[in-house]
Amino acid sequence: MPRQGLGHSSVDIYNMVTPGTDDPVWKHPASGQLMVGYQETRTNSVLHSQDATDAEAWTKAATSIDSTLYEAPDNSTTANAIKSDNTGTRNYKIKQSSLTLTTGKTYTVSAHVKKGTLGFARIKSHDGSIAFKADFNLTTGAVTHTSNTIRTQVDVMDDDWYRCSITFQATATTSAAYIEVFAISTAGDSTPDVAVSGVILLYVWGFQLEENSEMSTYIPTTSSARTLTTPLNDTSEIWDFDGADLMPEEKPSDDGAWEVSNNLVLNHDYADLGSELVTNGTFDADSNWTKDANWSIANGKATSTGSGRMYQSIPGLEGNVGTVVQVTFDIVERTSGGVVVNCYGGVSSLFNTVGTHSFVTTTTNSLNLYFNNSGQGNLVGSIDNISVKQVDPNDRWQLSSSGNSSSSITDKLTISVDNGDFASASQTLSLSNGNTYELSFNLTSDNSSKSIAIRDHSSATGGLTETVSLNFTGTQTKSFIFTANANSNSFYTKRHTASGTYTYSIDNVTVKEYAITPLDV
């Protein structure tokens, strides 16, 4: 018989006393039949979740919310409008602070949003140490520019409303956490330029912060957090939840669903990118770029007629030698030649075909972002949509190397070993002594006869010490189950053999607690 899952035992159901904490089965007072007491509890910690005008709960930046109410997703007239209260390029947002988070626990922030003059919303939370956010397109429902989230969700609703959410794992325990909702004009741009005061930027309603791995049914609040208790419906053929006709099987055929624990590894697929560093990368105006004689900007693109260069100084990279960035751009027209990109000393190969091009590089000097460089391509054609973003912007992965060996991140982790020099990559995790975990990752090899070391600590004293052969071609999934001890606190990979030249790549790293619990019966 399965033990109780998420939720808690019912109190005084059918005038009975509280069932035992670890045993949800009890007797009905009239029939003496076995009963299952099970309830799910959910709490919304956001105050005044339908009243963003409340000055004690909500603060505003460059915005105002007046008393005018609008139709909400539940057809009531309770929705608010975020209006511009200032003009120019700035943050337009509302914020609620003094929220409580506990390190290691998973939370979901959700809000109902609808486009106004601006067609995008950013939902953000902060645990005092790390920011978690995502940008939502309120026309298509697309989600971009995520940071440190476990998942995002979008529910499409009637009358152009969307319910949008971010899910994250808190990295600190605090009572000073906050949530924010921004009105933005495009994804990735947190400071739109609003020229007129009193313009409706965004409609908002129904904010929620809950300890949950996904957004659940919305719970309205006023001046305090609110908890709802939901009994299970009597839909099971095995268990009786309403006191009628119970005939439990000796060995029930349905033992419930099983909880899938959260991945403890951040940026597990190496897809995290920072905010946009280029200004006017879409050439909406003839500005922000310095152009040699053969370059011009017009009609939303930059055009080259031969030699020369076009360049821009990026404050976020100026002087930051060693920053890993991803550069992307489009060649939209080409008659001849090609273009070479130099991003603060990180030089690309020659690009000479129409289409989208991307490369990852490490900055080595302070010489700006250059396109073309005289004598290195001499493109006759046009480019557009230039983007530069930092790779692994929150430094989730610690890379180290020596001599001719190196470890790097592009869209995956790659370690190249040369003549026995050292190279490794690791990430500090929060593992509990004595708990069992499962590690899984995709390993790509070039059929080397060498092997690598996988550990849960930088030295060989943790609960996991594995040697993995690279004697295959292509990609294989590797999985290991281990029990953490006092030394276990990280995922760590390094070269294992003492000599030789070889390369391997790792992607989709997951570390999950192996203990599984019934969710439902």
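Trainee: What volume does the second largest pocket have?
Mentor: The second largest pocket has a volume of about 180 Å³. A pocket here is an open set of points on a 1 Å grid over the protein atoms alone, with protein on both sides within 12 Å along at least five of seven lines. This is a predicted model, where local features need pLDDT of at least 70, side-chain atom pairs count only at pLDDT 80 or more, and totals for chains, interfaces and linings use all residues. Residues are numbered from 1 along each chain as its sequence is written, and side-chain values use heavy atoms, with hydrogens and water left out.

Trainee: Which residues line that pocket?
Mentor: Among them are Gly322, Asp392, Trp397 and Ile409; lining residues have an atom within 4 Å of a point.

Trainee: Turning to sheets, in what order do the five strands of the open sheet lie?
Mentor: The order is 31-34-39-36-37, with antiparallel pairing. Strands are DSSP runs (E, at least two residues), numbered from the N terminus, and two of them pair if DSSP finds at least two bridges between them.

Trainee: Which strands are at the edges?
Mentor: Strand 31 (398-401) and strand 37 (465-469), each pairing on one side only.

Trainee: How many bridges link strand 31 and strand 34?
Mentor: Four, in the antiparallel sense. Ser401 stands opposite Ala423 in strand 34.

Trainee: What about the largest nonpolar core: how many residues has it?
Mentor: That core has 37 residues, and Ile94, Val113, Leu202 and Phe207 have the most contacts inside it. Strand 18 gives the most, with five residues.

Notes
1 Å grid on protein atoms, 1.4 Å probe; cavity = no way out; pocket = protein on both sides within 12 Å on 5 of 7 lines; lining within 4 Å. Points joined across faces, edges and corners; volume = space filled by probe spheres on them. Core = buried A, V, L, I, M, F, W, Y, C linked by side-chain atoms within 4.5 Å. Buried < 20%, exposed > 50% of the residue type's maximum accessible area, 1.4 Å probe, protein only.
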